[in-house]
Amino acid sequence: MTAGIMVEPLLAALEGGARLTDADALTLLRSHDLLAIGQAAHAMRLRKKPEPVVTYIVDRNINYTNICVSGCLFCAFWRAPGDHEGFTLTFEEIDRKVEETKALGGVQILMQGGLHPSFTIEWYEELVAHIKTKHGVHIHAFSPPEIVHIARISGLTAAEVIRRLRAAGLDSIPGGGAEILSERTRGRLSPRKCGADEWIGVMREAHRQGMRTTATMMFGHIETLEERVESLRRLRDLQDETGGFTAFIPWPFQPDNTALDSTPETGGFDYLRTLAAARLYLDNFDNLQASWVTQGPKVAQMALFFGANDFGSTMIEENVVRAAGVTFRLAEADIRRVIESAGFTPRRRNMYYESLE
Ligand code: SF4
């Protein structure tokens, strides 16, 4: 079924080595021919990653504070300064979380938090140096909005913040806070957070300084399909320029407990179609993650046939999606079983997608 939109010609051109245009990507996102798009995406996944292996990482998402001056409309996690539900973890609490992660075989922590009104670069340097010295784990932390915020509050440039955090022990930067990389949507959803150009600027600078990062897209809120494509285009352009992204991670907006809670939830159909279209359009990305945290194991398993080759993190701890009322939990053994029952070999990896088995 194509609902009047023919995707076969452009999928055939793709097989011949053509690169998708923005108009092509839009056609895919409007099409109802899910199986044809998925099949093409899976074929591209197999061209890039021929082994029938699905990777995942053992780590946890440590949210060091929920105190935030941004107040993004889509976020259920943040609390305003002074709110009695606001928290900032002590270094001792963070130590315990890192120890638990290491005890489960984790070699990395993901650390992200709200845009705190008073922490300057020195607090972040101390935190990173403390974790690195005490635990020696890979530190994947501070998405571009946090980097831009630290720079503003400390009177530094983003480049200086990255350089100083790197010197303190920061290893890589997560692609969070991208949502949709369009100034219109960001102006409406998160006007106090970094813009699309700034997000890209932080990642360009991180890549320039030799760091690898990931890229994300949270879709299905107020964006148009054209803006979804614009977001993908900005990522593809930067990847052409630097090659610094290790992976692309798309997931649908989870509306519960947010200021946009009347937004209809994105279904599995649009999730899989967007994932597959992204695999085809982002032809310079090696790895695409399935989002079991938002989609649950059943749809995430299907995602392995729609372009995804990675199951993301075991998420020993996750707070942001949980705050939006979504609570899928999977232990490492469950993740391996879900991957195996889809016909793939599970393999533990690090942030650089190197096998740890
Ligand atoms: S998404 Fe991040 S920056 Fe926006 S309100 Fe939530 S914690 Fe703050």
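This is a predicted model: local features need pLDDT of at least 70, side-chain atom pairs count only at pLDDT 80 or more; totals for chains, interfaces and linings use all residues.

Q: What's phi doing at Phe 142?
A: Phi is near 65° there, a positive value in a residue other than glycine.

Q: And Tyr 353, what's phi there?
A: Also positive: phi of Tyr 353 is near 65°, and this residue isn't glycine either. Tyr 353 is in the segment after β9 (345-348). With 17 other C-beta atoms within 10 Å, Tyr 353 counts as partly exposed.

Q: Back to β4. Which strands form the open sheet, and in what order?
A: Three strands form that sheet, in the order β2-β3-β4, with parallel pairing. The edges are β2 (59-63) and β4 (138-141), each pairing on one side only. Neighbouring strands are turned by 25° against each other on average, ignoring direction.

Q: How many bridges between β3 and β4?
A: Four bridges, in the parallel sense, with β3 covering residues 108-112. Met 111 stands opposite Ala 141 in β4.

Q: Which helix lies across β2 and β3?
A: That's α4 (residues 91-103), which runs at about 170° to β2.

Q: What does Gln 112 touch, leaving out residues up to four places away in sequence?
A: With those left out, the contacts are Asn 61, Asn 63, Ala 141, Phe 142, Ser 143, Glu 146, Pro 174 and Gly 176.

Q: How about Gln 112 and Arg 204, what separates their C-alpha atoms?
A: 19 Å, and the two residues are 92 apart along the chain.

Q: Switching to β5. Mostly covered or mostly open?
A: Mostly covered: β5 (residues 213-219) has seven of its seven residues buried. Thr 213, Ala 215, Met 217 and Phe 219 point one way, while Thr 214, Thr 216 and Met 218 point the other. In a regular strand, side chains alternate between the two faces of the sheet.

Q: Which strand does β5 join?
A: Seven bridges join β5 to β6 (residues 245-252), and the two run parallel. Thr 214 stands opposite Ala 247 in β6.

Q: Now the largest nonpolar core. Which members touch the most others?
A: Out of 99 residues, those are Ile 147, Phe 248, Leu 275, Ala 277 and Leu 280. Helix α11 (residues 268-281) gives the largest share, eight residues.

Q: What does Phe 248 touch, again skipping residues up to four places away?
A: With those skipped, Ala 215, Leu 235, Ala 278, Leu 282, Phe 285 and Leu 288. Ala 215 is one of the buried residues of β5.

Q: Last one: which residues are around the ligand?
A: Cys 68, Ser 70, Gly 71, Cys 72, Cys 75, Phe 77, Trp 78, Gly 114, Leu 115, Pro 145, Ser 190 and Lys 193. By class, that shell has seven nonpolar, four polar and one charged residues.

Key
Residues are numbered from 1 along each chain as its sequence is written. A residue is near a molecule or strand if its C-beta atom, placed from the backbone, lies within 6 Å of it. Ala, Val, Leu, Ile, Met, Phe, Trp, Tyr, Cys and Pro count as nonpolar, Asp, Glu, Lys and Arg as charged, and the others, Gly among them, as polar. A nonpolar core is a set of buried Ala, Val, Leu, Ile, Met, Phe, Trp, Tyr and Cys residues joined through C-beta atoms within 7 Å. A residue is buried if 20 or more other C-beta atoms lie within 10 Å of its own, exposed if 12 or fewer, and partly exposed in between; C-beta atoms are placed from the backbone. Two residues are in contact if their C-beta atoms, placed from the backbone, lie within 7 Å. Two strands pair if DSSP finds at least two bridges between them. Axes are lines fitted to C-alpha atoms, for helices over the stretch in contact, and angles run from 0 to 180 degrees between N-to-C directions.
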